[in-house]
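Here is a friendly walk through some packing details of a protein model. Have the structure open beside you as you read.

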Amino acid sequence: MDVEYQPGLATEWHVHEDDPHVWVFKIREGVTFHEGQALSADDVVFSLNRARHENADMRGLLTSIKEVRPEDDYTVHVETHDPNPLLPNNLTNLFIMSRGWAEEHGVEEPQNYAAGEETHAVRNANGTGPFRVQSREPDVRTVLVRNDDYWGIDHYPMEISELIFTPIESAATRVAALLSGEVDLLQETPVQDIERLANAPGLKNEQGAENRTIFLGMDLGSAELRTADTDDNPFADRRVREAIDLAVDQTTIQRAVMRGNAEPAGMIAPPFVNGYSEELDVVVPADLDRANELMAEAGYGDGFRVTLQCPNDRYVNDEQICQAVVSMLARIGITVDLVAQTRSLHFAELAREEYDFYMLGWGVPTMDSEYVFNYLYHTKEGDRGSWNFTGYSDERVDELTVARGQETDIEARNAMIEEAWQIVHDEIVYIPIHHQMLTWSMRDDIDFKVQSENTPHFKYLKFND
């Protein structure tokens, strides 16, 4: 997989020749925001500092930053507390806002998502990208039109003049819309319809590995679970976690639920991420006898009851996966009450730390394991561990997570990554299910390859003659 970073709003980047703590970014000249404001270093400085705010999900990627400052109108210096070889990797999904626009609309700070805050920036956009928003009805229809002032209009195909995004909740209705010609492209094709659409006249599928692993998380840290019928926390016992791992049959989920369109996982990182280990990404075969022995050894031979929270519209067959897990855990005495709901409710409640047991999917846009540990494994404190809802905390894992963000020796850094992965693997902090595969279905005159982050960049789409 090609993971070479390409120039965007930053055309050049390098470590300062006189100071290894400073990264220098050259900003593309002549770029304008959709509402006409000119892009400058000031907007970049503002956007990076905004992303470091306590409300920002991006802040976990920017913990190494000490100061962001403009050197001139088109040069930005980012100073880090210690040398950080991965800083450019951590900026790939950080988007630049106009400082003037943000100040005009009172959105200098990010929304407080966990508190359900609404701001102008939640419902409006003013970027520099290839398409601008013409109209938006949330959950109904969003219309984008080509930005003819886009800085890259001569560098990319840019063959789409209007892009209409229509959310369709029902899988059968989505497929019918593609078959009828109502829509031209279907993202995340239902696995049960992949073969049918591949053989449909005038249509085709594009497939590839997604940069996302699906897994189950558990509250390991609380003294007592919210939804269990016990007066303690079964998940705090490693033997219970191992029993769950042995009862959840990833291979059966791959075959029966995903119809082969997934790769069973043993770790929360796909193969193209630095730090991936073939030895750790091995699925332990289901073993109900051993799982029941472990439950008895842990004092839960009669099982227990708990609630599993899942989205039903975020990942491929998410609710069906959770239904399969419910059946599998019943075989070792764990009665699971499934709550499957829309993503907006699921993630808001998860952010408020209201769940004992939950499904989550994780991608690694930086292509490096540090991202996984910063968010999922580091103790939840300050800017780190913001998606660690398990209560897991390990001093050595925290130490390694911080240290490798500063280590410039590649061999030493990779050794730290290997050690950290081994620790969390042995502790069974999460239950990996699979690495998700992507299928996009479309008209056969469209040339558009699957992109691993499952965020289609339509500036690349072309139409075949």
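In which sense, left-handed or right-handed, does α12 pass α13?

## Ground rules

This is a predicted model, in which local features need pLDDT of at least 70 and side-chain atom pairs count only at pLDDT 80 or more, while totals for chains, interfaces and linings use all residues. Residues are numbered from 1 along each chain as its sequence is written, and side-chain values use heavy atoms, with hydrogens and water left out.

Helices (H or I, at least four residues) and strands (E, at least two) are DSSP runs, numbered from the N terminus.

## Helix α12 against α13

To settle the opening question: α12 passes α13 in a left-handed crossing, meaning that the near helix is turned anticlockwise from the far one by less than a right angle; clockwise would be right-handed. Helix α12 (residues 395-404) packs on α13 at an angle of about 155°, and their axes are 10 Å apart. Axes here are lines fitted to C-alpha atoms, for helices over the stretch in contact, with angles from 0 to 180 degrees between N-to-C directions. The two helices α12 and α13 are therefore roughly antiparallel (over 145 degrees; under 35 is roughly parallel, 65 to 115 roughly perpendicular and the rest oblique).

On the α12 side, Arg 396, Val 397, Leu 400, Ala 403 and Arg 404 meet residues of α13 that include Arg 413, Met 416 and Glu 419; contact means heavy atoms within 4.5 Å. By class, this contact of α12 with α13 has eight nonpolar, no polar and four charged residues (Ala, Val, Leu, Ile, Met, Phe, Trp, Tyr, Cys and Pro are nonpolar, Asp, Glu, Lys and Arg charged, and the others, Gly among them, polar).

## Helix α11 against α13

Helix α11 (residues 369-377) and helix α13 (residues 410-427) have axes that come within 11 Å and cross at roughly 40°. So α11 and α13 are oblique to each other, and α11 also passes α13 in a left-handed crossing.

Among the residues that meet here are Val 372, Phe 373 and Tyr 377 in α11, and Ile 417, Trp 421 and Val 424 in α13. The contact of α11 with α13 has seven nonpolar, one polar and two charged residues.

## A three-stranded sheet

Three strands form an open, antiparallel sheet in the order β5-β6-β7; strands pair if DSSP finds at least two bridges between them. β5 (131-137) and β7 (162-165) stand at the edges with a single partner strand each, so one side of each has no neighbour in the sheet. Strand β6 (residues 141-146) pairs with β7 over four bridges, and Val 145 stands opposite Glu 162 in β7.
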